[in-house]
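These are my notebook entries on a single chain. I set down what I looked up, in the order in which I followed it.

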Amino acid sequence: MAEAHSAVAFSFAITHDGWDVNFDREVLYLVWESGLRSWKKRLARFRNSVNNGVYPGHLQSLYFLWALLVGAHFAGFHIPFGLVQKALAFMPGTSIFWQITSCLLAALTLWLSVIFFMRYLLKILLMYKGWMYESRAPGSRISKKTLLWASVVRVLSGWNKPKLYSFQGSLPRLPLPSVKDTMRRYLQSVRPLLDDEKYERVVRLADEFERTIAVKLQRYLILKSWWSSNYVSDWWEEYVYLRGRSPLMVNSNFYGTDTLMRATSVQAARAGTLIHMCLKFRRLIDRQELEPIMLQNMVPLCSSQYERLFNTVRVPGIETDKIVHYQDSTHITVYHKGKYYKVMVYYRGRLLNPAEIQVQMQQILDDKSAPMIGEEKLAALTAGERTHWAHIRQTMFNRGNNRTSLHCIERAAFNVCLDDIEYAFDENDTSKLDDYGRVLLHGKGYDRWFDKSFNLCFSTNGLVGFNAEHTWADAPVMGHLWEQVIWSEMEYGYKEDGNAKGPVDSPPPAPTRLQWELNNEDLLKAIDISYGVAEKLLNDVDLKILMYTKYGKGFMKSCRVSPDAFIQMILQLSYYRTAGRFCLTYEASMTRLFREGRTETVRSCTNESAAWVLSMNNPNASTEERMHLFKQATDRHQLGYQDAMAGRGIDRHLFCLYVVSKYLELESPFLQEVFNEPWRLSTSQTPHGQTSLLDLKKHPKCVSAGGGFGPVADDGYGVSYIIAGENTIFFHVSSKLSCPITSSSRFVEQIQTSLQDVQTLFADFKKTSAKK
């Protein structure tokens with residue numbers, strides 16, 4: 001127990017000679033530095049809160065206005081509304097000091113009045129979503145209304161550089177659609193999936209629902225939309241994520257991959273540099289120096305999800321989990337060959353540089369000691385059933401070393417996995433790419449701490465990826481971190497021998513092995529139970545990754561079609577050819593144009609997409625007919641995507657109506673019908689190009705292969721895609737091996753065929769048009 005003895009910083013004892021006091025000055029100094037750092041961060045947060053509260057104004061404008069009023073007052077000019085004289089009436093005297101103080105109060109009153117008027121006006125302007133629906137195709141013109149709106153928005157938001165949370169108070173609330181509009185959109189979305197008889201049945205159920213209990217349910221939602229910042233997000237987090245009792249691994253967590261190029265093959269060096277870059281990104285968030293993402297360089301997105309990116313863990317509960325976010329953390333945890341380590345990444349008040357962190361990582365890699373009993377597969381508890389893990393956590397990790405070490409992992413900035421295997425990115429060997437995705441999605445079932453906000457995973461050859469928990473935020477936030485970290489790494493670089501840059505003047509704090517007390521028969525049995533669940537789940541995953549290089553964004557833009565709509569049509573065609581029918585299709589779209597917005601569903605299977613798919617499989621359909629139907633289908637999809645982003649979606653409204661009905665114990669055959677239909681095709685586009693730092697012309701290979709997730713339905717597919725460049729598209733397709741009617745390999749083959757067929761369709765249409 002040498003680690004326990006060395007951890008004692010202060011002790012005292014009463015002897016026959018009196019008091020005997022012992023203390024370690026070094027440790028006490030570290031405590032002092034930690035407290036000082038904490039107070040500095042509190043002051044910085046307070047200062048940022050003030051700046052955010054008065055944005056788009058600036059404190060300097062207050063000082064200028066104060067000086068102006070002081071000059072005007074003593075020069076004898078009339079101050080608007082007599083504010084100085086009114087303030088002076090409440091002062092204990094009329095000396096120069098109190099007159100200047102009265103000018104300050106008058107300036108503060110005028111300044112705050114103008115600022116809050118500007119903020120309210122900006123909030124009203126940001127409610128306008130007409131700009132989203134206007135065409136940006138070559139030759140199209142923007143309406144005068146939108147031009148005027150854009151001009152005013154730029155004036156109101158362009159006074160000074162915004163911080164990460166500057167626009168939070170100006171973002172509008174998510175609008176609540178009417179039940180009538182939602183019913184209309186819903187019935188349109190299910191029409192291609194149902195025959196006439198079933199469709200008429202659903203119409204009757206929807207009409208009955210709209211006329212009866214929907215009226216009462218909507219009243220409660222109206223009240224919630226007035227009272228809360230977002231009428232969806234808290235319930236979505238609670239009931240979709242936290243109350244789920246199934247394993248996080250495969251079912252909820254998602255993964256992201258490395259770029260097509262990597263600057264070093266030294267595992268410890270890559271780990272040291274990326275850990276450093278991640279912590280620098282955390283510092284940008286803490287100081288709010290990270291620029292908020294702006295659509296069209298003008299419309300801000302909600303930044304609330306960034307707050308829980310680091311120092312966050314999902315804690316299991318018997319009936320519901322909870323997200324716990326710690327304000328600060330000066331350490332990370334590392335897993336390697338079945339052993340856990342605590343690594344201090346701050347020393348004497350500064351962040352360790354990449355070379356110093358590499359030294360720490362190398363010390364871990366060189367440690368040849370064996371894991372403790374039960375330690376190697378301990379993280380399987382986070383991969384199994386949530387209720388089982390909650391019970392074990394409450395009974396077996398509530399005291400002693402188990403409690404201390406568990407809290408160390410949960411309080412860490414994030415978790416790092418130094419894998420002892422090699423995974424590779426090989427354009428010529430797709431099986432290696434598939435294995436790479438599986439390693440990041442689930443690993444061995446016990447070598448990722450799935451409760452943490454994210455795990456960084458490093459291969460023995462320097463390849464990297466991440467596994468992220470989904471509750472705290474959606475993929476675009478993790479994608480933003482990943483882009484900035486990878487680009488910062490490219491700019492920072494490595495030494496010629498592949499090692500990390502930076503001076504190592506003195507040895508950095510050595511990693512500390514976490515101590516466990518796991519030699520308990522019941523605890524070991526519990527770990528085995530969770531591992532059994534995880535092993536069965538991961539062995540059922542059928543994951544295939546397609547790298548398509550015949551064309552990409554460049555060809556889609558030349559077709560004057562939204563790239564996302566283009567890919568969604570490809571997926572509709574591929575699924576129909578694979579399954580012989582249409583299915584309810586889920587595409588995630590963001591609602592971060594609104595405060596605390598997360599996602600909305602775009603129902604990609606529409607009447608228009610179904611008509612086009614049928615034409616592609618009809619040998620008698622002409623090229624002109626197929627092109628006409630394709631244009632209609634992509635336009636309809638684009639409209640659905642715009643509606644979802646503008647708060648006019650279907651599924652989040654129905655979800656909230658369903659939650660209210662459960663609270664009121666009101667049964668609805670219509671809502672039961674809605675939520676019993678599985679999403680057999682669940683899709684998502686991996687965000688790309690969120691940071692302006694990325695320069696693909698300078699580094700064309702600095703693009704990620706994207707990421708993926710597990711299948712949502714037992715008899716369906718999970719498809720994630722990224723349009724990585726002008727001539728590159730990646731598809732991550734997952735399904736279950738146990739399902740006899742799905743096959744990721746077959747679906748990937750159909751995607752390739754569909755991509756080629758659509759390219760041929762455009763080529764034939766171009767030839768036909770040229771002849772005419």
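I began with strand 3 (residues 254–256) and strand 20, which run antiparallel and are joined by 2 bridges. Gly256 of this pair stands opposite Gly707 in strand 20. I note here that the model is a predicted one.

Next I turned to strand 13 (residues 454–458) and asked how many of its residues are buried. The count is 5 of 5, so the strand is largely enclosed by the rest of the structure. The cut-off behind this is a relative accessible area under 20%. I looked up the side-chain directions as well: Phe454, Leu456 and Phe458 point one way, Asn455 and Cys457 the other, and all are buried. In a regular strand, side chains alternate between the two faces of the sheet.

I followed the pairing of strand 13 on both sides. With strand 12 (residues 415–418) it runs parallel, through 4 bridges, and Leu418 has Phe458 as its bridge partner in strand 13. The chain passes from strand 12 through helix 16 (residues 430–441) to strand 13, and I recorded this β-α-β crossover as right-handed.

With strand 14 (residues 464–468), strand 13 runs antiparallel, through 5 bridges. Here Leu456 has Phe466 in strand 14 as its bridge partner. The hairpin of strand 13 and strand 14 has 5 residues between the strands, and Gly462 takes a positive phi near 95 degrees there.

I also looked up Phe310, in the loop between strand 5 (299–300) and strand 6 (312–315).

My last entry concerns the surface. Tyr120, Ile124 and Met127 form a nonpolar patch there, with about 350 Å² of accessible area together. Ile124 belongs to helix 5 (residues 96–126). With a relative accessible area of 41%, Ile124 is partly exposed.

Terms used
Residues are numbered from 1 along each chain as its sequence is written. This is a predicted model: local features need pLDDT of at least 70, side-chain atom pairs count only at pLDDT 80 or more; totals for chains, interfaces and linings use all residues. Side-chain values use heavy atoms; hydrogens and water are left out. Patches are made of residues with over 30% relative accessible area and no salt bridge: like charges are joined within 9 Å, nonpolar side chains (Val, Leu, Ile, Met, Phe, Trp, Tyr) within 5 Å. Accessible areas come from the Shrake-Rupley method with a 1.4 Å probe; for residues, only the protein chains shown count as cover. A salt bridge is a side-chain nitrogen of Lys or Arg within 4 Å of a carboxyl oxygen of Asp or Glu. Buried means under 20% relative accessible area, exposed over 50%, partly exposed in between (1.4 Å probe, protein chains only). Two strands pair if DSSP finds at least two bridges between them. A crossover is right-handed if, with the strands pointing away from the viewer, the path from the first strand over the helix to the second runs clockwise.
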